[in-house]
Amino acid sequence: MQALRKIEVTTGVWWVEIPAADVRILCGCPADAVKHLMKRGLIAPTEVGGLAFETGPNVILLSDVMVQNGTFANLGEFPVLQMFYRQGMIIPGHPGNTGVKPLIIGSPEQVRAQLQYIHRGNYGLISEDELLDAGATPEQAAERMRLKLKFAFGRICHPTEIINTLAVEGEQVDIRDGVSVRRLRLNLFEFRYGDEIVTVDLNLPPFETYECPYPLGFYNMPREYFAVVHSGEGDGWDINRPAMGTVLMFQGKVYLIDAGPNILYTLDALGIGVNEIEGIFHTHSHDDHFAGLTTLIRADHRIKYYATPLVRASVARKMAALLSIEPSAFADYFECHDMVEDAWNDIEGLEVKPLFSPHPVETTTFLFRALWDGGFRTYAHMADICRLEVLKTFINEDETQPGITPALYQRVVQDYATPVDVKKVDVGGGMIHGDAYDFRDDTSGKVILAHTSLRHTIAQKAIGSTASFGTTDVLIPSNHDFIWRSAYELLLGYFPGIPHHQVRVLLNNPVATFNPGTILVKERQPAGSIFLLLSGSVEAIHMNGGGRSVLSAGAMIGELSALFGSPVSETYRAIGFVQALEIPCSLYGEFVRRNNLSAEITRIFENRDFLQRTWLFGEVVSTRTLNRIAKEMTLQRFEVGETIDIGPEAVALIIRGTVARILGEHIVEMLGAGEFFGEELAIFWTPSMFRLKPVEPTDVFLIPAGMLAGIPSVRWKLFETLGKRMTSIFEGEHMGRVMLSWHEEYRVDVLRLDTQHRRLFEQANAIVDAVDCGRELSEVLSLMDAIAEYARYHFGEEEALMERYAYPETEAHRARHARLMDMLAENRAQIEERGFAESAGILTFLKEWLVNHICTEDRRYTSYLNSKGVY
C-alpha cells in the first residue's frame with residue numbers, strides 16, 4: 001500500500017495524505033476549497049459512539065503568493081472552521097479532539113498573513129479603540145464590544161493560541177511523525193515520508209482560474225426597473241449552490257448584495273459582465289460574503305462600495321491582513337460610499353436602510369425601497385442574522401459584562417419583523433445564524449429561506465419559500481429596454497465630441513443576443529459587422545499565442561476588419577448570454593469617414609491592438625479605456641549596456657527586446673515582449689531594489705502611472721506581479737553569497753515591516769557581494785544609493801504607523817532613523833573619497849547599521865502595536 005498519497009482535487013489544489021502518521025494536507029486553499037474536498041470524498045461524514053461528524057484535513061499548505069491570476073489563493077477561514085467544528089478538533093470531549101491542533105504551513109510571510117486574516121474573520125474590529133476609529137460613538141463601541149465578547153465566550157483569542165504553524169523554506173522541516181516538507185522554488189514543494197517522495201506545484205498555469213465546485217447553467221436576465229435576482233441561497237458548506245447573495249436591478253443598473261466565492265461564475269451564468277456592475281452593498285466580512293471582492297476589482301472602473309463605516313473598516317482590515325497592505329488601500333480599488341445605519345440612504349433614487357445585525361463581526365442587513373404607484377415596493381436582505389432564541393440568552397443588564405441590553409434585543413426583534421414585499425432570510429441555525437421560526441408570523445408578501453446547506457424541514461417549508469438560482473422577483477416592471485441607454489452611453493463615451501445626432505446613426509441598429517458558447521467573430525475571417533458589447537462576457541482566444549482574455553461591456557469587436565477589410569486575428573466567443581449592438585461594417589466605415597476619425601483611429605489602433613494582446617490589459621479593460629491609454633503612451637528605445645531609468649511617473653511595457661532585472665550582480669528575471677516594469681515606484685511608491693538592463697535593443701511603451709492607478713483590474717495585476725517579484729528575491733539561486741542572514745528572531749511581528757526588513761537584508765547582501773566580487777566603485781555606490789532610498793521609504797512607513805497608533809516613543813525613534821540615514825551617507829562618502837570599499841568593513845558596518853537597529857530599537861514597538869491589533 002502506498003504510504004504517501006497525492007490526489008489532484010481541482011485546478012491549483014492538491015491533497016497529500018500519510019495515513020500511518022495521521023497527516024492529511026490540503027495543499028492550496030482558494031475560495032470553496034472545502035466544497036471541492038467534499039465533492040471528492042476527502043471530507044466525508046463519519047460516526048463514533050453515535051456522534052456524527054466529518055473527516056478532513058488537519059494541515060493546510062499555503063501558496064507562496066496571496067493572489068494568483070487575479071484571485072485570492074489563500075483563504076483558510078472555512079477549512080479551519082471545518083477542522084474546529086465539523087471535525088471537532090476544538091470541541092471538548094469530542095472524538096475528533098485528540099489534542100492535535102490544526103497546522104498551517106508555508107512561507108513565514110504567508111503564514112503570518114493567514115493568521116491575521118483568520119483573526120479578522122473571527123472578530124472583525126477587535127477593540128473599542130478600533131470601533132471608535134471606524135466612526136462608532138462611545139456608546140456604540142461599548143455596546144458592540146459587549147456583544148462581540150459574548151460571541152467570543154468572554155475573550156478575544158488570537159489564532160496562535162489554537163492553531164499551530166510551521167515555516168517552510170529551502171530546508172527540509174518535520175511536520176510530525178516522520179513526515180517532512182521543503183520548498184524547492186516558488187510554489188513548488190516536496191513531501192517525504194520514509195523512502196517515498198511527492199512534489200506539489202501550487203502555481204496556476206497562465207490564463208487558468210480556480211474552478212467552481214458546482215454547475216450553474218445560463219440565464220438571460222433582462223435589465224428590469226426594480227427586481228431581485230436570486231444568485232445564491234446556500235452557505236459556505238453547500239456543495240451544490242452559491243452562498244447567499246442577490247443581484248439587485250434598479251432602473252436598469254446592476255448592483256450586488258455581497259460577493260461570495262466564485263462570483264465570476266455567477267455573473268457569467270446570469271449574462272452579466274463585471275464592467276456592468278454599478279455597485280455592491282456589503283453586509284459583512286465572512287468569506288462566504290467576501291471572497292469574491294477580487295472579481296469586482298477586475299472592472300476597468302472603481303465599482304461603488306456601499307456599507308456602513310464599521311462594516312467597511314472590518315472588511316478593509318481583513319483584506320489588508322491578507323495582502324499585507326494598509327486598510328486605506330481598499331479605496332484604491334473601490335469607490336467607497338459610507339451609509340448611515342438605521343436611516344434611509346438615497347442611492348440615485350434607490351433608498352437603502354442598513355440595520356444592525358448581531359453577529360461576531362460588524363454586520364448589517366439591508367432594506368431597499370423604490371417609489372411606485374400606491375407607495376413603495378420593498379425588499380429585505382437579512383444575512384447574516386442571529387436566531388432570537390440564542391440572542392435572548394445574551395441579555396445581561398450588567399454593562400461591565402459581555403452581553404446585550406433588553407432594549408437592543410427588542411430592537412432586533414422589531415427589525416426582523418419589518419414587513420416588505422420580498423424578504424430573504426438567513427436560516428442557517430446554530431449560534432451565529434438565523435432560524436425560520438423567527439419569521440413564522442411575518443407579514444411580508446414573500447419570505448425566502450436561504451443561507452443553509454440542509455434540506456428544509458416540513459415546518460420550514462410551511463413558513464417560507466425557496467428560490468432557485470436565476471429566478472427573479474420583479475418588484476417594479478420596466479416599460480422600456482434599458483439596454484438602449486447603455487448602448488447610447490457607451491457610444492458617446494467611445495466617440496467624445498461627435499454630435500449626438502451622428503452617434504444615433506450607429507445606435508439605430510439591432511441589438512443581437514448570443515447564446516452561451518456562440519462564436520461572434522471567427523479568426524482569419526473578415527467580419528461582416530462590428531459588435532459593441534452591452535452585457536455579458538466574451539472570451540477572446542488568441543490561437544497563435546495560446547492566450548485568452550475576457551471582454552466585458554464597452555468592448556468593440558471587429559473594428560479593424562471594418563476599417564481595413566482585413567481578417568480578424570482572434571476568435572470571440574460568448575461565455576454566457578451576451579447582448580451586443582450589431583453595426584454593419586459598411587455603415588461604420590462611412591460614419592468614421594464622415595466624422596474625420598480615420599486618421600485618429602488608425603493612429604491608435606495598432607497600439608490598442610498590442611495592449612489588448614498583453615496579460616496586463618487583455619482582460620475586461622474596455623475599448624474606450626484602451627483608446628485613452630493608447631493615445632497617451634509614448635515610445636522609447638533602450639540600447640544594450642544602458643541602465644534603464646524611467647522615473648516614478650510611468651510603467652514600461654515591452655514591445656520587443658529583453659530586459660534583465662538584476663539584484664546585486666545576479667539576474668533575478670528576464671522580461672520579454674508584453675511584460676512590464678516600473679510598477680513598484682510608479683504605482684505603489686516603493687523604491688525598486690532592482691537594476692534594469694536591456695540584453696538586446698529594446699523598445700517600450702511608457703504609460704503614465706496616473707492612468708493605470710485608476711484602473712482597478714490593471715492595478716490589481718500590477719499588485720499581483722509585485723508580490724511575485726518580491727517573493728522571488730528570496731529564491732536561493734538569485735541571492736548569491738549570503739553574508740547577512742535573516743533570522744526569524746529578527747521579526748518585529750508586524751508583517752509588512754518584517755517584509756521590508758527582509759528586503760533591506762537582500763539589498764545589504766547585494767552590496768557586500770558586489771564589494772567581495774570586486775565590482776566597479778560606481779556600481780557599489782549605486783547599490784548604496786538604492787538601499788538608502790529604500791531605507792528612507794521604510795522608515796517613513798514605520799514612523800507613519802507609530803504616529804497613527806500614538807506610539808509614545810515615536811519622536812525618539814524618528815531621531816534614530818535620521819541618525820541611521822546620516823551614518824549611511826557618511827559611510828558612502830568615505831568609500832567614494834577612498835576610491836574603494838573593503839568587504840569586511842562594509843559587512844561590519846551594514847550588520848551594525850541594520851541588525852542592531854532592528855533587534856534593539858524596532859523590537860521595542862512590537863508589543864505596543866500588537867496590542868492595537870497591528871500585526
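Student: How many cavities of 30 Å³ or more does a search of the whole structure find?

Tutor: In this predicted model, the search turns up 10 cavities of 30 Å³ or more. The largest cavity has a volume of about 250 Å³.

Student: What makes a residue part of the lining, and which residues are closest to the centre of the largest cavity?

Tutor: A lining residue has an atom within 4 Å of a cavity point. For the largest cavity, 19 residues line it, and the closest to its centre are Ala-320, Ala-321, Arg-752, Gly-869 and Tyr-871. Helices H3 (108-123), H9 (309-323), H22 and H23 (777-804) are the elements that give two or more residues to this lining. H3 gives the most, with four residues.

Student: How do the residues of that lining divide by class?

Tutor: They divide into 10 nonpolar, three polar and six charged. Gly counts as polar here, whereas Ala and Tyr count as nonpolar and Arg as charged.

Student: What is the arrangement of H22 with H25, and how do you know?

Tutor: Helix H22 (residues 751-772) and helix H25 (residues 839-856) pack at about 170°, with axes 9 Å apart. That angle makes H22 roughly antiparallel to H25, because the cut-off is over 145 degrees. Among the H22 residues in the contact are Leu-760, Phe-761 and Ile-767, which belong to a set that meets H25 residues including Ile-842, Leu-846 and Val-851. The contact of H22 with H25 divides into 12 nonpolar, two polar and one charged.

Student: Why is the pair of Tyr-305 and Phe-330 called edge-to-face?

Tutor: Two values settle that one. Ring centres must lie within 6.5 Å to pair, and planes over 60 degrees apart count as edge-to-face. The centres of Tyr-305 and Phe-330 are 4.9 Å apart and their planes are at 85°, so the pair is edge-to-face. A search of the whole structure finds 33 aromatic pairs.

Student: What is the omega of the cis peptide bond, and which residues does the bond join?

Tutor: Omega is about -15°, and the cis bond joins Ala-383 and Asp-384. Asp-384 lies in the loop between strand E24 (375-382) and helix H10 (388-393).

How values were computed
Residues are numbered from 1 along each chain as its sequence is written. This is a predicted model: local features need pLDDT of at least 70, side-chain atom pairs count only at pLDDT 80 or more; totals for chains, interfaces and linings use all residues. Side-chain values use heavy atoms; hydrogens and water are left out. Axes are lines fitted to C-alpha atoms, for helices over the stretch in contact, and angles run from 0 to 180 degrees between N-to-C directions. Angles under 35 degrees count as roughly parallel, over 145 as roughly antiparallel, 65 to 115 as roughly perpendicular and the rest as oblique. Contact means heavy atoms within 4.5 Å. On a 1 Å grid over the protein atoms alone, a cavity is a set of points where a 1.4 Å probe fits but cannot get out, and a pocket is an open set with protein on both sides within 12 Å along at least five of seven lines; lining residues have an atom within 4 Å of a point. Grid points are joined across faces, edges and corners, and a volume is the space filled by probe spheres set on the points. Rings of Phe, Tyr and Trp (its six-membered ring) pair if their centres lie within 6.5 Å; planes under 30 degrees apart count as stacked, over 60 as edge-to-face and the rest as tilted.
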